[in-house]
Amino acid sequence: MGLGYSDLELLIRLREEGYVPIAGSVIEIGAQQLANSFLEAGAALDRARDLFHVAQPCPLPQPGSRCTGEGGAELLPEGAPLASEFWAWLGFSYSSIDIDGSPGSIPLDLNCDSVPGDTLGKYQLVTNFGTTEHVANQLNAFKIIHDLAACSGVMIHHLPMQGMLNHGLVNYNPKFFWMLARSNGYRLVYMNVTAGTSYYPLPENITASVSPFEPDIDVRRHAYRAADMGLVTVLQKVFDTPYVAPIDVQTGTRTDNKVLEERYWSVFKPDAFDALPSRQGGHRIGAK
């Protein structure tokens with residue numbers, strides 16, 4: 001996945017509401033490219049130019065030929081422009097987490113690595129535009145995002161929710177992010193669901209895996225209709241506390257296991273963040 005028109009509109013909204021600063025620092029989880037829908041958004045790019053006080057016209061190239069996948073989503077060609085060009089134009093200090101050698105990238109394994117000490121709490125904007133669904137170790141991937149974000153910084157996630165049946169390793173649901181926010185005292189700044197309107201049967205490679213065991217899947221696959229859906233969530237890091245993994249239990253659940261009680265302190269203790277001696281962050285950066 002890359003940045004499309006809706007992602008640009010969201011960035012504009014966050015700037016207007018004071019959550020994203022001028023000339024801030026951004027790090028992408030996975031070096032992203034720009035979709036044609038982004039490159040075609042002349043009016044929105046002009047609006048971004050005004051909001052971020054950019055003097056120069058947008059230097060991005062004209063849109064190229066368009067190719068769509070089975071669910072109707074735009075497939076980005078290998079030569080699609082990098083989002084780093086856009087962030088540089090806006091005046092942001094840019095980095096990314098990637099292992100492909102992209103300019104400005106930090107080669108971290110999202111499954112296993114920790115963030116370098118000089119990047120802890122450094123970035124006012126962390127973007128996850130379709131990367132973590134390709135990572136098996138979700139606990140570590142979201143810990144990296146937490147550790148990179150500055151207090152008052154925002155974390156943007158635009159990820160698959162439904163469909164995309166052989167796109168990545170996982171799809172997401174809103175409850176994951178509700179629990180993630182609860183565990184870490186994040187503020188939920190924005191949430192949206194995007195839905196495609198192109199329905200398609202089970203992909204052939206899924207059918208091929210099932211058919212040796214249930215041969216009638218070749219017929220049944222056409223009765224199973226899927227449409228792609230995306231989940232957009234923006235979270236603000238309010239407290240400078242260590243990362244706590246999400247856990248699907250009721251807030252204030254009691255446990256006699258001291259290890260679990262300490263590990264999930266923000267869940268097992270009601271109003272855990274209200275009891276902290278001070279709150280760091282948790283405010284808008286300011287629209288000026």
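**Helices and sheet**

Visitor: Which strands does helix 6 lie across, and how does it run relative to strand 7?

Guide: Helix 6 (residues 174-184) lies across strand 5, strand 6 and strand 7, and its direction is at about 10° to strand 7. Contact here means heavy atoms within 4.5 Å. Axes are lines fitted to C-alpha atoms, for helices over the stretch in contact, and angles run from 0 to 180 degrees between N-to-C directions. Helices (H or I, at least four residues) and strands (E, at least two) are DSSP runs, numbered from the N terminus.

Visitor: What kind of model is this?

Guide: This is a predicted model, in which local features need pLDDT of at least 70 and side-chain atom pairs count only at pLDDT 80 or more, while totals for chains, interfaces and linings use all residues. Residues are numbered from 1 along each chain as its sequence is written, and side-chain values use heavy atoms, with hydrogens and water left out.

Visitor: And helix 5, what does that lie across?

Guide: Helix 5 (residues 138-148) lies across strand 1 (25-29), strand 2 (93-97), strand 4 (123-129) and strand 5, and runs at about 150° to strand 5.

Visitor: What is the strand order in the sheet?

Guide: The sheet is open, with seven strands in the order 3-2-1-4-5-7-6 and mixed pairing. Strand 3 (105-106) and strand 6 (187-195) are at the edges with a single partner strand each, so one side of each has no neighbour in the sheet. Two strands pair if DSSP finds at least two bridges between them.

Visitor: How many bridges join strand 5 to strand 7?

Guide: Eight bridges join strand 5 (residues 149-162) to strand 7 (residues 229-236), and the two run antiparallel. Pro-160 stands opposite Gly-230 in strand 7.

Visitor: Which residues face its partners in strand 2 and strand 4?

Guide: Strand 1 runs parallel to strand 2 over five bridges, with Ser-25 opposite Ser-93. Strand 1 also pairs with strand 4 in the parallel sense, over three bridges, and Val-26 has Leu-125 as its bridge partner there.

Visitor: What is the phi of Ala-23?

Guide: Its phi is near 55°, a positive value in a residue other than glycine. Most residues other than glycine have a negative phi. Ala-23 lies in the loop between helix 1 (5-16) and strand 1, and counts as exposed because its relative accessibility is 51%.

Definitions and conventions: Buried means under 20% relative accessible area, exposed over 50%, partly exposed in between (1.4 Å probe, protein chains only).
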